[in-house]
Amino acid sequence: MHIPDGYLSPSTCAVLYGASAPFWYIALQRVKRILTTRLVPLLSVMAALCFVIMMFNLPLPGGTTGHAVGVAIAAIILGPWASIIAISIALSIQAVFFGDGGITTLGANCFNMAIVGSLVAYAVYRLAAGKTALTSSRRVVAAALAGYAAINASAFCAAVEFGIQPLFFQDPSGAPLYAPYPVSIAIPAMMIGHLTFAGLAELVLSAGVVAYFQRTNPTLLRLTAPGNVAGEEEIAGADNQSMWRTVRPLWIGLALLLVLTPLGILAAGTAWGEWSARDYSNLHAREQMAMASRNTAPPVQPPRELERLSSLWTAPFPQYAPTFVRRPAVGYALSAMFGSGTIILVSLIAGSLAGCARGKRHELS
Amino acid sequence: MTENPMTVPVFDVRDVTFRYHQVTALEGLSLAIPPGKRIALLGANGSGKSTLLRLLDGLAFPEKGEITFCGEPLSEERLQSPEFAYPFRRRVGMVFQNPDIQLFSPTVFDEVAFGPLQLQWPKDKVLAAVKEMLEAMRITHLKDRSPHHLSTGEKKRVTLASVLVLDPEVLLLDEPTSALDPKSASQMIDFLIGLRGGAKTVVTSTHDLDIVEDIADECFVFQTGRLVAAGTPTEILRQTSLLEQTNLTHAHRHIHATGETHSHPHLHPHKH
Amino acid sequence: MNFLERTLAGFLNAVEHALDAEDLAKANGLLQCLDPRVKVIGILILVIAAATAHKLWVIGAVFAFALLLAASSRVSPLLLGRRVWIPALIFTGIIAFPAPFVIPGRVVWRLPGLGWPLTAQGLMSAGYLVTRVETAATLSVLLILSTPWTRVLKALRVLRVPVVLVVILGMAYRYIFLLLESARDMLESRRSRMVGKLNGPDNRRLAAASVGVLMSKTLQLSGDVYSAMLARGFRGEVYMLDDFQTAALDWIMLVLIAALAAAAFYYGR
């Protein structure tokens, strides 16, 4: 799944480098805080190990072999943040020195495999393993699920990145400049291979290694099991940080949804009820209204109040298409980002205002 | 073993106990390392000599008892402060048994430069010191090599160079001749012999009785974490039952043509 | 065992690649003489130029320049073919192959017999993809073959990569080869002890156990390396010593590459 140079446009690459940067920064800060002086030797050696694991050819059911990334094992043994860095370093060496994966696409590969992979693996493992004992078989299953989910999440991200290339980047004659296949081909093509072989390889490796450690050295699994002394919970401490941790899966989900909004374009038809006054006189729109309403024909005139009220407010981005953007897909995605960004910003402001107010009240009392 | 009461020992180990993973590596250990002498720590694998070296180098700290370095206590807290740590790290150099863990820099040059850089010497001084040391150890031709391209003998020379570049007063060596081919081993031994009568205090851990007389002025014998004997090499080597007991020699059996079986302790005495 | 053999073959391939790189980095060629910082910046600019171009001939021009660099640096086309061109062609070729049939546009030919249409746009997009991949791959391998890895890493500082990352990259690279050796020894000893074939689940258990053992050794290794670093005065700060010196040739090449890249950006937009 290492994306070579040439498959993604420079702007896509830049966006993904930009998306990876905050995660790298946060990961480095958190790992530095926990490991302090051990950071350099531990991460170097772990990155070397991740590299070697990626070179293992693993036997799969059915007699075939496949490669795994080892992201779930890294996330389970080292925690998600150290895993992000170790795998990013391994990917960097693979890309630059061994030519496995491109230089411009390094940000994308790190985002898909190191960042999304580690976070998804960690979240799934924690959810599935719950508070069971370190040696319980449920943890082996959790590890298997974590590995499978992580690899498929990475593959899905890559598929989306491939799929939006022909939408946005074409030469004047309409030929796609980079990855040529649209989302409708890219997603099935990527996912089939990963839901089967690559996913299985990751599943087999993650489950096998966790089972091995359960037999030989269960304390290695301590870091990502709750209630342990050396766990991140104790060391992190501060209030807002633990809150961040609980809502983190939501952030990840939101980020993924943002990326996937252009998929909405693929949906056919209209949403029921979301019609403007003008649609009542448009023949095509009337057909869609009828289809959405169990083949009941809409009235010839729009409801009177609808007409009156619709002139009250003109949206800045009607039809989710800002006027300055020519392609509908870009407009869609931009609208999604703008919308979510506004909501997030408003909530953050409201939250900090509320926090201030509370703080002041504490001060006064 | 006589000791001038006016001379502060380089290391004074007082009733030290150290446990590692539920295993008692050292128990109730007391000994003193006088300055300027070459000391050998003798014992079979697992007898605690490597652990002692790590404690002497401030890489681990005893559960019970204490260790002092030139009269000052060697504790975890003291090593946190740069005022104590920097001089200590410069004055005491350790060569580990496995060279691969000690060759962590990308090239030989970087490796030898690591110590001086950590001690924040100015760039020119670092470059000069490294160049000089590479020449002294005759490994200048290896300076741009990566560690994984070196033979074991070359690796050990580089590890020595990387420690000696700081000109330490104390050298701690953990099994310096292990895994070396005979030629490299004898070069190492020559080096250790050459330190005789010098200003350096040398503590070598080994289980190779053949070299003890050459490389050490005094020996301490270890068995399962305890000190069981001390003396000059000649004195120790004479105590054959002690040597067998501590697994430093083995009874060698051979069968003669007549069918007779001889059993005697296996030792190679040789004179220089 | 299939997976053991393949894994060992993969390890060997990696080690050979590193050896090739070390040999060529010592050769007497144009790229070898240049300051690594100039190479890092120059090659990066050229890769970005090839990635940005919207015209096929511009990408081709960058590729031609890469070939010139290779020729003047004693890098043989056979080596490039074996290491870069053929593998990339196979991988990207398979992906690009359906494009002419799938991408909509002006039909230029129909497959005889099946009648499947090939479109101009599809052919063009396959062309873009393949040439871009080959050009970028050639440029990055030239950087690696002409510069010792450790100098490449130190040169990354000119791109403002933090020292701690450069040190980690260097140490990771060094230990990759140690781990490859450990893994190879472990797998070879298992292979020599195996009589007959193992069934599926046993195979998988073996693979997982190998990785597990390697991981335990690695954790142990990191503790040992940490001790060794502490013993030499390490207190958490990392330092780097570099001795780069630019000569006239470096500046000439840098200006030349920048001019070429600028032309590529202009004509390729």
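Two strands pair if DSSP finds at least two bridges between them. Strands themselves are DSSP runs (E, at least two residues), as are helices (H or I, at least four), numbered from the N terminus.

## What you're looking at

This is a predicted model, where local features need pLDDT of at least 70, side-chain atom pairs count only at pLDDT 80 or more, and totals for chains, interfaces and linings use all residues. Residues are numbered from 1 along each chain as its sequence is written, while chains are lettered from A and ligands numbered from 1 in the order in which they are written.

## A sheet in chain B

Take a look at the open sheet in chain B: its 6 strands run in the order β6-β7-β8-β3-β9-β10, with mixed pairing. Its edges are β6 and β10 (226–231) of chain B, each of which pairs on one side only. Going from one strand to the next, the twist averages 15 degrees.

Now zoom in on β9 (residues 218–223) of chain B, which pairs with β10(B) in the antiparallel sense over 5 bridges. If you pick out B:F220, you'll find its bridge partner in β10(B): B:A230.

Next up are α5 (residues 108–118) and α6 (residues 123–136) of chain B, which pack at about 130 degrees with their axes 9 Å apart. (Axes are lines fitted to C-alpha atoms, for helices over the stretch in contact, and angles run from 0 to 180 degrees between N-to-C directions.) That makes α5(B) and α6(B) oblique to each other, the label left over once under 35 (roughly parallel), over 145 (roughly antiparallel) and 65 to 115 degrees (roughly perpendicular) are taken out.

On the α5(B) side, the contact (C-beta atoms, placed from the backbone, within 7 Å) uses B:F109, B:V112, B:A113, B:P116 and B:L117. From α6(B) come B:V126, B:A129, B:V130, B:M133 and B:L134. The tally for this contact is 10 nonpolar residues, with no polar and no charged ones.

## Where chain A meets chain C

Chain A puts 55 residues into its contact with chain C, and chain C puts in 66. On the chain A side, α2 (39–54), β1 (58–59), α4 (80–96) and α8 (183–216) each give two or more residues. The largest share, 13 residues, comes from α2(A). By type, this side of chain A has 38 nonpolar, 14 polar and 3 charged residues.

Conventions
Two residues are in contact if their C-beta atoms, placed from the backbone, lie within 7 Å. Ala, Val, Leu, Ile, Met, Phe, Trp, Tyr, Cys and Pro count as nonpolar, Asp, Glu, Lys and Arg as charged, and the others, Gly among them, as polar.
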